[in-house]
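Open the model in a viewer and keep the selection tool at hand. The stops below say what to select next and what is there.

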Amino acid sequence: MALITPRTPAGVMELLPRQQIAFQRMLDTIRRGFERYGFLPIETPVFETVDVLLTKSGGETEKQIYFVQSTGARQQGREPDMALRFDLTVPLARYVAEHERGLVFPFRRYQMQRVYRGERAQKGRYREFTQCDIDVIGKDTLPLLYDAEMPAVINQVFGDLAFGDFTINLNNRKLLAGLLAGLGVDGAEPQRLALREIDKLDKLDREAVARNLVAADVGLDVAGAERLLGRLDHQAGNADILADLAALGIDNAPFRTGLDELGQVVAGVAALGVPEERLRINLAIARGLDYYTGTVYETLLNANPGLGSVCSGGRYDDLASQYTRSRLPGVGLSIGATRLFSQLLDAGLVGAEDRPDTVLVTQFDDTMTEDTLRVAAGLRAEGLTVEVQFSPGKIARQLKYADRAGIRFAVLRGEVEVARSTALIKRMDTGAQEEVPLPGLAARLKQMMG
RNA sequence: GCGGCGGUAGCUCAGCGGUAGAGCCCCCGGUUGUGGUCCGGGUGGUCGUGGGUUCAAGUCCCAUCCGUCGCCCCA
């Protein structure tokens, strides 16, 4: 019989069990962080109706959407009326609009689910991936202090994740628009083009970016481009940046409002106890954060800036204007868990996890079956996680199983131990063994597990 | 959607006209109740697919599919 080559479609992350444990541990940590700030869980379906899903997207996004269709509809040649979600924000908007009367505002929700993008898979670019989102949605208004709370959550979560030190980059789109306008880049489209070039500051040197800016025809000459980049690529402390901006003499409404907002957010973040060095005003970030209207965030791991932003977010004026006439401003952020994890895996910062709280009860031979089961049941009754390998006569094989399965404790009990009413505990990491009385077995194991 | 590079064992790859290889992984063994090291043995490939050139094709040519990286866009 011809075999079909077993392989996953491109652009998905599939893990071995011990890596999956590490991934789940990461998700658990994120979830705990979200919950500590009072965010409530919701889940939405993997697919939405096409009319809901396509409201926000232009033709560009539509190409990246997977459509879902029943066999019957397909056979009848009908157009698909459902599609897989490509982010969690559009489903959130639909959810809030649909359940508006049942929700308490400001509505604080977290959502950790998979999303789908029909684009060409690349390293770190998945077609199926898990996003971990939090958002706060206000009714009519949402105070600016919520914008300051987001970095505090990032600080909590990435502190708990312990992937090394990190920096939360902060900017404000109003301020940026006002600044660009004040320095000669006026209008939405020129600004969008300019931002695309500015975003490459981390890849290209400043002169190259300046050349590209001039070439992009956004209204800048060489001197103007360099002056602009000098402003954006500001390396000073937050207070100095704010002071410098205020002293620029630019006087348009977006600039004034944005600067004021940015100052308030910086002060709020500090008051929430986020260490000063973790928050950095970075006027050059904004790309990919197009639908945000005020505060924007991007988080980088200091030791691995090449990973790019591991957590992005921002403020938007009106979440669900396509679905309801209520005005629902919000602020949120998103952790791309799949990309983050796969990159940490590549960087060797995470890997196969042991199962330090699992015990393997070995079976010496087939005369010991009942005894083995009793010991295992006794340990489970004490709250321990217990596995049994039914392979009589092959202790070596059972220990090898434990070793490879990441199990750190084995219990051995043969004739000698039965006669003495004891059992052996073997630590798989050191190989050390100790004999303990059977009644104290569970207690001793718990003690060894710490 | 556009461009670069590449498809040989589960994985990483060598072989570049003359009978398919290595390392790792996996399985078994190295007698009595002990894993990770070591030693020995073993499983596993129509060399992506289809044509063509040749006495002879993983090896050269063409097409095609798939993968991968970059562009676009984005987590």
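Begin with the largest nonpolar core, which has 91 residues; among its members, V96 and I154 touch the most others. A nonpolar core here is a set of buried Ala, Val, Leu, Ile, Met, Phe, Trp, Tyr and Cys residues joined through C-beta atoms within 7 Å. Buried means that 20 or more other C-beta atoms lie within 10 Å of the residue's own, exposed that 12 or fewer do, and partly exposed covers the values in between, with C-beta atoms placed from the backbone. Select helix α6 (residues 145-161), which gives the most to this core, with eight residues. At least three residues of the core come from each of domain 1 (17-42 + 85-346) and domain 2 (47-83). Apart from this core lies another, of 16 residues, including V361, A402, L441 and L445.

Centre on V96. Leaving aside residues up to four places away in sequence, V96 touches L103, F107, I137, L319, A320 and L328; contact means C-beta atoms, placed from the backbone, within 7 Å.

A word on what is being viewed. This is a predicted model, in which local features need pLDDT of at least 70 and side-chain atom pairs count only at pLDDT 80 or more, while totals for chains, interfaces and linings use all residues. Residues are numbered from 1 along each chain as its sequence is written, and chains are lettered from A and ligands numbered from 1 in the order in which they are written. Colour by pLDDT, the predictor's confidence in each residue from 0 to 100: chain A has a mean of 88, with 96% of its residues at 70 or more. Confidence in chain A is lowest in helix α3 (residues 59-62), at a mean of 49, and highest in strand β1 (residues 40-41), at 97. Where pLDDT is low, the predicted coordinates should not be read in detail. The model scores ipTM 0.82 and pTM 0.90.

Next, colour by domain. Chain A is divided into domain 1 (17-42 + 85-346), domain 2 (47-83) and domain 3 (355-449), with bounds from an automatic or database domain assignment. Taken over C-alpha atoms, the centres of domain 2 and domain 3 are 54 Å apart.

Now the strands. Helices (H or I, at least four residues) and strands (E, at least two) are DSSP runs, numbered from the N terminus, and two strands pair if DSSP finds at least two bridges between them. Select the open sheet of three strands, ordered β2-β4-β3 with antiparallel pairing. β2 (47-49) and β3 (67-68) are at the edges with a single partner strand each, so one side of each has no neighbour in the sheet. Two bridges join β3 to β4 (residues 82-84), and V68 stands opposite M82 in β4.

Move to strand β6 (residues 128-137): eight of its 10 residues are buried, so β6 is largely enclosed by the rest of the structure. β6 pairs with β5 (residues 107-116) in the antiparallel sense over 10 bridges, where R114 stands opposite T130 in β6. Seven bridges join β6 to β11 (residues 330-336), also antiparallel; I134 has L333 in β11 as its bridge partner.

Last, select helix α8 (residues 188-198), where A188 is found. Which residues of α8 are buried? They are Q191, A194, L195, E197 and I198. These cover an arc of only 160 degrees, which puts them on the same side of α8; the arc is that of the directions from the helix axis to the C-beta atoms. They pack against α7 (173-182), α9 (206-215) and α10 (222-232). The face turned away carries the exposed residues A188 and E189.

Technical notes. Contact = placed C-beta atoms within 7 Å.
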